[in-house]
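Visitor: I would like to go through the labels used for this model and hear what stands behind each one. Where shall we begin?

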Amino acid sequence: MAKEQLRYDKMVETALRGVVRDALRQVADRGLPGNHHFYLTFRTSYPGVDIPEYLRGQYPNEMTIVLQYQYYGLEIDEEKFAVTLSFNNVHERLEIPLGAITTFADPSVNFALQFQPAQPAESAAVAPLAERAPQAVAAKEEAKPAASDEPKRGEVVTLDAFRKK
């Protein structure tokens, strides 16, 4: 009988997606404080991603949205968030499962998280539906790195490599 292993990698990934959920929930409740703003990159073909077809055509793999000045109706629940953004002066509603997110960054505080896209069944682990809004967005295609350029994930790195000697 084979022993099952604890999947710490999945536990950590779920916990870090919770950080994204909590940050979005706080912004939905109170707005963006100070210079904070978010870059969210997500897989456009991930199950449950609901974006206009013309955006899916422009960004068939990944899309990055920015929550900074003009976004509206930010809502967050256990599995997804939804927000209205302006694309060429047209407001569009986007619904994005948290499992579709591949990168979350807040450049104002030099904070970023990178994720493997979750399997749809794994992505349910978040909080209550919050509602609110204020600001807007820009979108751009993220170039997918070639397989050889793909960053390694899950490696243990010692801090000695970064310390000045």
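Guide: This is a predicted model. We begin with Phe104, which is buried, with a relative accessible area of 2%.

Visitor: Why is Phe104 called buried?

Guide: Buried means under 20% relative accessible area. Phe104 has 2%, so the label applies.

Visitor: What makes Phe104 and Phe111 an edge-to-face pair?

Guide: Their ring centres are 6.4 Å apart and their planes meet at 70°. Rings pair if their centres lie within 6.5 Å, and planes over 60 degrees apart count as edge-to-face. Both conditions hold, so the pair is edge-to-face.

Visitor: Why does Phe111 count as partly exposed?

Guide: Phe111 has 35% relative accessibility. Phe111 is found in strand β7, residues 111-114.

Visitor: How many aromatic pairs are there by this rule?

Guide: The count comes to two. Phe38 and Phe104 also form a pair, at 4.9 Å centre to centre with 50° between the planes.

Visitor: Why is the pair of Phe38 and Phe104 called tilted?

Guide: Planes under 30 degrees apart count as stacked and those over 60 as edge-to-face, with the rest tilted. The planes of Phe38 and Phe104 are at 50°, so the pair is tilted. The pair links distant parts of the chain, with Phe38 in strand β1 and Phe104 in strand β6, 66 residues apart. Phe38 is buried too, at 5% relative accessibility. Ring pairs link Phe38, Phe104 and Phe111 into a cluster.

Visitor: Which residues have the most contacts inside the largest nonpolar core?

Guide: They are Phe38, Leu40, Ile65 and Phe81, in a core of 32 residues. Elements that give two or more residues to this core include α1 (8-30), β1 (38-43) and β6 (101-106). With five residues, α1 gives the most.

Visitor: What is Phe81 in contact with, leaving aside its neighbours within four places in sequence?

Guide: Its partners include Leu24, Leu40, Ile65, Leu94 and Ile101.

Visitor: Which residues make the nonpolar surface patch?

Guide: Val12, Leu16, Val19, Val109 and Phe111 make a patch of about 370 Å². Here α1 gives the most, with three residues.

Visitor: Why are Asn88 and Asn89 called exposed?

Guide: Exposed means over 50% relative accessible area. Asn88 has 74% and Asn89 has 77%, so both labels apply.

Visitor: How many helices and strands does the protein have?

Guide: The protein has two helices and nine strands. From the N terminus on, the elements run α-β-α-β-β-β-β-β-β-β-β.

Visitor: What share of the 165 residues is buried?

Guide: Buried residues make up 36%. The protein exposes about 10300 Å², of which carbon and sulfur atoms supply 51%.

Note on methods: Residues numbered from 1 in each chain as written. Predicted model: local features only at pLDDT ≥ 70, side-chain atom pairs only at ≥ 80, totals over all residues. Heavy atoms only, no water. Core = buried A, V, L, I, M, F, W, Y, C linked by side-chain atoms within 4.5 Å. Buried < 20%, exposed > 50% of the residue type's maximum accessible area, 1.4 Å probe, protein only. Helix = DSSP H or I, 4+ residues; strand = E, 2+ residues; numbered from the N terminus. Contact = heavy atoms within 4.5 Å. Patch = residues over 30% accessible without salt bridge, like charges linked within 9 Å, V, L, I, M, F, W, Y side chains within 5 Å. Areas by Shrake-Rupley, 256 points an atom, 1.4 Å probe, with all protein chains shown as cover. Salt bridge = Lys/Arg side-chain N within 4 Å of Asp/Glu carboxyl O. Phe/Tyr/Trp six-rings, centres within 6.5 Å; stacked < 30°, edge-to-face > 60°.
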